Amino acid sequence: MLKVGLLGAGRIAGVHATAVSSHPGSTLVAVSDINPAAAEKLAGQYGAQARSTDAILGDKAIDAVLIASSTDTHSDLIQAATAAGKAVLCEKPVDLSLARALACQKAAALTGRPVMIGFNRRFDPNFSALKAAADNGEIGKSELLSITSFDPAPPPISYIKVSGGLFRDMMIHDFDMATFIMGATPVAVTAVGSSIVDRAIGEAGDVDTAVVTLTYADGRIAVIKNSRRAVYGYDQRLELLGSDGLLQAQNMLENTVVKSTTTGVTGAKPTYFFLERYMPAYAAEWAAFVEAINAGNTPPVTLQDGVTALAMAEAATISARSGTPVRLGSVLGE
């Protein structure tokens, strides 16, 4: 039985607490948070203890920690947890600073402890089925990937100001998905972005609408579209064109009822947001982590994957500001 400490007690921590407690091979034993009351409340829901982060990291009986705290704490906690001998699953991104993420990767590697980054969308049943079909050659050689990821509404401006920007905060999921589906990293990133949903987002130094084109060494192309506002719900679609056909993963709908009358054909909207859309993916993500740790295998989403996605976000940020393509190697100092 994997004994787990949860660092963080916010909304996403609650999702992870459910996944940990629901898995037959793991148990949640402790929760920490900068807000002790929040830690007490979440811990109480799952029969765990509210403890300090230092106490959790110092407890040799705790095998693994799940980091679901604020982004600015991720890299420091990864280093501290691996130095303490813990296996780690950390929410994305590794850090808002690529340089800091690279330093974290180097330090964690010296400990030999496994680190998995929480790109939960890889574990979505529909996306993983599409990946398997592509890898099985069912559409020949993949050539063009299109990823659509629209939120139903923008977050508060207070969040925007500390998020690191759309490319690091929101599109980073799609950067990782592109790497996952294409099985490679791009050589160049070209981005355009604007603030047309909410002027205050632009005044805070961010964009709310963006398109990124990724080009690969073999000529393949991926296009990512992000918007902070889709009034009809959480729009999450993926399309992969290959030499012998097309694969598509469509939206999850509120229900499957379709009404057909003389006036037209109508159906349900997409599920509203990520909690409704990706709960099965979070459970599958945790199951994959437990399996890897118990088997002594490398986790399926590594710290290197987290660094790669952050580098793509950094390149996109630079490209959107400069108006020119950015080679991925240039932001990695290669």
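Predicted model: local features only at pLDDT ≥ 70, side-chain atom pairs only at ≥ 80, totals over all residues.
## Helices α1 and α11

Let's start with helix α1, which spans residues 11-22, and helix α11, which covers residues 274-295. Their axes lie 9 Å apart and the helices pack at an angle of about 45°. An angle of that size makes α1 oblique to α11, and the crossing of the two is right-handed.

Which residues of α1 meet α11? On the α1 side they are Arg11, Ile12, Val15, His16, Ala19 and Val20. Their partners in α11 are Phe274, Leu275, Met279, Tyr282, Ala283, Glu285 and Trp286. Sorted by class, the residues of this contact comprise ten nonpolar, one polar and two charged.

## Helices α6 and α9

The next pair brings together α6 (residues 125-135) and α9 (residues 172-182), packed at an angle of about 35° with 9 Å between their axes. Helix α6 contributes Phe127, Leu130 and Lys131 to the contact, while α9 brings Met177, Phe180 and Ile181. Five of the residues in the contact of α6 with α9 are nonpolar, none is polar and one is charged.

Is Ala184 buried, partly exposed or exposed? Its relative accessibility is 26%, so Ala184 counts as partly exposed.

Setting aside neighbours within four places in sequence, Ala184 is in contact with Ala178, Thr179, Tyr216 and Arg220. Ala184 and Ala313 are 129 residues apart in sequence, and 16 Å separates them in space, C-alpha to C-alpha.

Key:
Residues numbered from 1 in each chain as written. Heavy atoms only, no water. Axes fitted to C-alpha atoms, helices over the stretch in contact; angles between N-to-C directions. Helix = DSSP H or I, 4+ residues; strand = E, 2+ residues; numbered from the N terminus. Parallel < 35°, antiparallel > 145°, perpendicular 65-115°, else oblique. Left-handed = near helix turned anticlockwise from the far one by under 90°. Contact = heavy atoms within 4.5 Å. Nonpolar A, V, L, I, M, F, W, Y, C, P; charged D, E, K, R; others polar. Buried < 20%, exposed > 50% of the residue type's maximum accessible area, 1.4 Å probe, protein only.
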